[in-house]
Amino acid sequence: MTDTPDLLDGYREKLVRRKQEWARDGRLLTGESDRCTPESRLPPGQRLVETWPVLDLGVQPDIAKDEWKFTIDGFVENPLQWTWADFIAQPQVTVTSDIHCVTGWSRYDNAWTGVHVAHLLEMCRPEKEAMHCLLYASDGYTTNIRLDRFADADVLLAHSWEGEYLTKEHGGPVRAVVPKWYFWKSAKWIRRIEFIAEDETGFWEDRGYHNEGDPWKEQRYG
Ligand SMILES: Nc1nc2c(c(=O)[nH]1)N[C@H]1C(S)=C(S)[C@@H](COP(=O)(O)O)O[C@H]1N2
Ligand SMILES: [Mo]
């Protein structure tokens, strides 16, 4: 469904091809997932960074807050169309979590502020058919996620990081944050969530990444 211009027409093909090759070659897989538990904090094959790398497909859409539009549709009793004002009028929470990127870096203690996805679910009321969600972003990126995992208490639609509005590079005005999965599931520049019955793969899932993405199980590629 192309209800916004697909900026991905201009994406960096070489970069995407290289990551597809990494997926094919199983890059960074240690096979040590059974020796690492969440208590050790750093998942297998990851290294800790202090900086916050920017990863995208070479396109960073410029979206003013007062132009941001957000849609929830699919198998929900109450489809939603939110403006920025609607979004920030919802109950706000701050949740601190770690980032684990499939390219091997992890970043601890990121304080995200925004709206709990659990709250969003109360507002839109998924129907019994809804089993998965597809997240759509303004750069044309998509990613899929199981509804039960999306409903976890640490999952947010965030507008701020460490008390400051998200920059454009990091997905502002609003991005998803799904801490229990590798960070590719955390769609930046989110504009739509579709509730679906049958699972559908997204951009990286179509290109060799795992359908789920649990860092503790090294679900990098699938
Ligand atoms: N819309 C969109 N969201 C995206 C991506 C993207 O290319 N487009 N990249 C994903 C990947 S692979 C990662 S690792 C994180 C990077 O987020 P960051 O740039 O804020 O570190 O965003 C994820 N969300
Ligand atoms: Mo990534």
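A polar contact here is a pair of N or O atoms within 3.5 Å; within protein, one atom must be able to donate a hydrogen and the other to accept it, and residues adjacent in sequence count only if both atoms are side-chain atoms. The model is predicted, with local features needing pLDDT of at least 70, side-chain atom pairs counting only at pLDDT 80 or more, and totals for chains, interfaces and linings using all residues. Residues are numbered from 1 along each chain as its sequence is written, chains are lettered from A and ligands numbered from 1 in the order in which they are written, and side-chain values use heavy atoms, with hydrogens and water left out.

A polar side-chain atom of Arg175 lies 2.7 Å from an oxygen atom of ligand 1, and an N or O atom in the side chain of Lys188 is 2.6 Å from an oxygen atom of ligand 1. Ser186 takes part through its backbone, with an N or O atom 3.0 Å from a nitrogen atom of ligand 1. On its own, ligand 1 has 530 Å² of accessible area (Shrake-Rupley method, 1.4 Å probe), and the protein covers 99% of this. Ligand 1 is surrounded by 20 residues (a heavy atom within 4 Å), the closest being Pro53, Asp139, His170, Arg175 and Lys188. By class, this shell has 14 nonpolar, two polar and four charged residues, where Ala, Val, Leu, Ile, Met, Phe, Trp, Tyr, Cys and Pro count as nonpolar, Asp, Glu, Lys and Arg as charged, and the others, Gly among them, as polar.

Next comes the space itself. On a 1 Å grid over the protein atoms alone, a cavity is a set of points where a 1.4 Å probe fits but cannot get out, while a pocket is an open set with protein on both sides within 12 Å along at least five of seven lines; lining residues have an atom within 4 Å of a point.

Of its 13 lining residues, Asp98, His100, Pro179, Lys180 and Trp216 lie nearest the centre. The lining divides into four nonpolar, three polar and six charged residues.

Finally, the backbone deserves a look: the peptide bond from Gly172 to Pro173 is cis, with omega near 10°.
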